[in-house]
Amino acid sequence: MKTFLRQLRPALLILLAMILLCGVIYTGVMTGVAQLVFPNQANGSVITVTLADGTKKEYGSALIAQEFIDPKYLIGRPMAVSNLGPNSAEQAKLVQQRIDWWRSFDPANTADIPAELVTASGSGVDPNISPAAASFQAARIANARGMTVEAVQAIIDRYTTGRFLGFIGEPVVNVLKVNLALDGVILDG
């Protein structure tokens, strides 16, 4: 029994040291660095609007998608996690269901549906779509809101972000920001 306790003591001390080092100190340092270097992202990139009376209203995160299915809104990628391969029969069935949904949702639009509107992202919460996927929806949104397609497209263009450093990634449109602008919400900053 004495040997067991002698062996247990260093194991418990190492466990406590690792909890302190990895669970408290490391976490605190990383949180502090994130708050200093990337404060907006570290706090969730919350979209905040200052109202006429000076109060602030939060609408959601620019980094996490929200689901929109009303014809007057820009619709993002399907809100489902997917790790299905492109040759998967289950994936083909899901894509066909989504194509059928888009065709019934917007029967006047006979253009090819951009792939990202019928395939889910790995995270299921992608807040952005391509400019092509946004433009695909402009006529429907304009019709539902009594706006011109050009006015809708101008809002889409305003919330299109180019490639990082001019050459990394693809241009993207933030769905939530476009929808807030369509509703007449003036975003801070």
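**Entry 1: the β4 and β5 pairing**

I looked up the partner of Thr161 and found that it bridges to Val172 in β5. β4 and β5 pair in the antiparallel sense over two bridges; two strands count as paired if DSSP finds at least two bridges between them. Helices (H or I, at least four residues) and strands (E, at least two) are DSSP runs, numbered from the N terminus. I noted that this is a predicted model, in which local features need pLDDT of at least 70 and side-chain atom pairs count only at pLDDT 80 or more, while totals for chains, interfaces and linings use all residues. Residues are numbered from 1 along each chain as its sequence is written, and side-chain values use heavy atoms, with hydrogens and water left out.

**Entry 2: the sheet**

I then traced the open sheet, in which three strands run in the order β3-β5-β4 with antiparallel pairing. β3 (128-129) and β4 are at the edges with a single partner strand each, so one side of each has no neighbour in the sheet. I found α6 packed on the sheet, where it touches β3 and β5. The direction of α6 makes about 50° with that of β5 (axes are lines fitted to C-alpha atoms, for helices over the stretch in contact, and angles run from 0 to 180 degrees between N-to-C directions).

**Entry 3: helix α5**

I listed the buried residues of α5 (residues 149-158) as Val152, Gln153, Ile155 and Ile156. They fall within an arc of 155° seen down the axis of α5, so they line one face of the helix; the arc is that of the directions from the helix axis to the C-beta atoms. Buried means under 20% relative accessible area, exposed over 50%, and partly exposed in between (1.4 Å probe, protein chains only). Glu150 and Arg158 are exposed on the other side of α5. The buried residues of α5 pack against α4 (131-145), β4 (160-161), β5 (172-174) and α6 (175-182), contact meaning heavy atoms within 4.5 Å.

**Entry 4: Leu180**

I located Leu180 in helix α6. Leu180 counts as buried, at 7% relative accessibility. Leaving out residues up to four places away in sequence, Leu180 touches Ile47, Tyr59, Val185 and Leu187.

**Entry 5: positive phi values**

I checked Ser45, which has a positive phi of about 50° although it is not a glycine. Ser45 is in the loop between α2 (39-42) and β1 (46-50), and counts as buried at 5% relative accessibility. I also checked Leu165, in the loop between β4 and β5. Its phi is positive, near 60°, and Leu165 counts as exposed at 60% relative accessibility.
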